[in-house]
Amino acid sequence: MPRRMRTLTIIVSVLCVAAMLLAACSTGTKGTNKLEMYSWWTAGGEADGLNAMYDIYKKAYPNVEVVNATVAGGAGTNAKAVLSTRLTGGDPPDSFQLHAGLEVEMYQPDKYLQPLDSLYTSQGWDKAFPKDLISLLKYQDHFWGVPVNIHRANVLWYNKQVFADNGVNPPTNWDEFFTVAETLQAKGIVPLVIGTKEGWEAGHTFETVLVGVLGAEGYKGLWTGQTAWTDPKVTEALEIFKKMMSYANTDYSALTWGDAAQYLVDGKGAMHIMGDWTDGWFTSKGFTGYGWAPVPQTKGIFDALSDSFAAAKGAKNQENLENWLKVAGSKEGQEAFNPKKGSICARTDCNPSLFNEYLKSAMQDWAVDAIVPSVAHGAAAFEKWATSYKDVLNTFATTGDVAAAQAALDQLCKDNGVCK
Ligand code: GAL
């Protein structure tokens, strides 16, 4: 090759490498125009609600690519573990789903999260959210998440047609529940549907039984050491749960909460105890034949949880992240999200006429009921305790060993430093 040609080839190659490096830099992680949002919302209703909020964000920031990072699994069973690894490995999503309450402790907030206090002030959020929620959101004197909703855990969903056909009414206490269950079973209908596939659902159901049997204060005391886990009322709640399982579908360990709810849609099952994301799920399926009532003995008590969005320290897209949180905390964002999600707004100024009958009733109850924190969904206890609690209940659903379950629950309280 002549010398001039060679020189030209070298110059071109150098330029190419430089161009490639430049391209790599601009598509690399820093300085990209993306927003990575991480959640476990993949089910019908949940995904719809999230998309409705994304639509608002995309309209306001059309040049930002929204990366919808999801890890399926109800209650965040799988998502939380993957997220922890990403945070500690230095590869955080910009924003992620976090329950309001003690769950935040598992992410070592001072190390991995951004405190959101100044956003709260600039957006007026300390006044936009109700007091009960504000106190749940503050951990070590800082805000770590922007709440998008309030969910209720203690709802008994039922198939209205099945109830009408068999002349039964929603039970208000556990004696009535078992009478209804007996009637339905005799007719070949599965009285209670439950799915425990993801490991948290038995814990969810049992917490609502505890709330009813112990009352609001008694239940709250279980997580603060005021109520002993050896209390005879805990035994009673375990006995009730054991008896409930004898009226449940036998394939429960293979089903998710959505699969279980499908029994109601198909008219094969009569009752399902689950949080009100079920309302969003039914709606997404076009199913309207469902009724609702508080879980027996919990009328006047609202077993609450709230989904919030946190900001990761070292987020790659800081400005996009802040704009996202502003949408999540806004009236417009929450009015788009919640009617589809099956939850009520965290804000107090949403327009009730946008919500269906169930959600309107939840709004009214939230305003007057005694509020208790859900343990299965991050509000009542540190994650370590909540996870072990769910494990004990998941085993108990199958073994029915009351004494062993109660001893294990008591031991967990001790292991977590709350009981002596
Ligand atoms: C909860 C979460 C709800 C819903 C539910 C079922 O933990 O707060 O928003 O996703 O799990 O997956």
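User: How many residues surround the ligand, and which are the closest?

Analyst: A residue is near a molecule if one of its heavy atoms lies within 4 Å of it. Here 13 residues surround the ligand. The closest are Glu46, His99, Asp307, Lys341 and His377. This is a predicted model, where local features need pLDDT of at least 70, side-chain atom pairs count only at pLDDT 80 or more, and totals for chains, interfaces and linings use all residues. Residues are numbered from 1 along each chain as its sequence is written, and side-chain values use heavy atoms, leaving out hydrogens and water.

User: Which N or O atom in a side chain is 2.7 Å from an oxygen atom of the ligand?

Analyst: The 2.7 Å pair involves the side chain of His99. Trp40 places a polar side-chain atom 3.2 Å from a ligand oxygen. Ala75 uses a polar backbone atom, 3.1 Å from an oxygen of the ligand.

User: How many disulfides are there?

Analyst: A disulfide is a pair of cysteine sulfur atoms within 2.5 Å. The count comes to 2. Cys345 and Cys350 form one, with sulfurs 2.2 Å apart. That link is left-handed, at -95 degrees about the S-S bond. Cys413 and Cys419 form another, with sulfurs 1.9 Å apart. The link of Cys413 and Cys419 is right-handed, at 70 degrees.

User: Is Cys345 buried or exposed?

Analyst: Buried means under 20% relative accessible area, exposed over 50%, partly exposed in between (1.4 Å probe, protein chains only). Cys345 has 6% relative accessibility, so Cys345 counts as buried. Cys350 is buried too, at 12%. Both Cys413 and Cys419 are buried.

Terms used: Polar contact = N/O pair within 3.5 Å; in protein donor to acceptor, adjacent residues only side chain to side chain.
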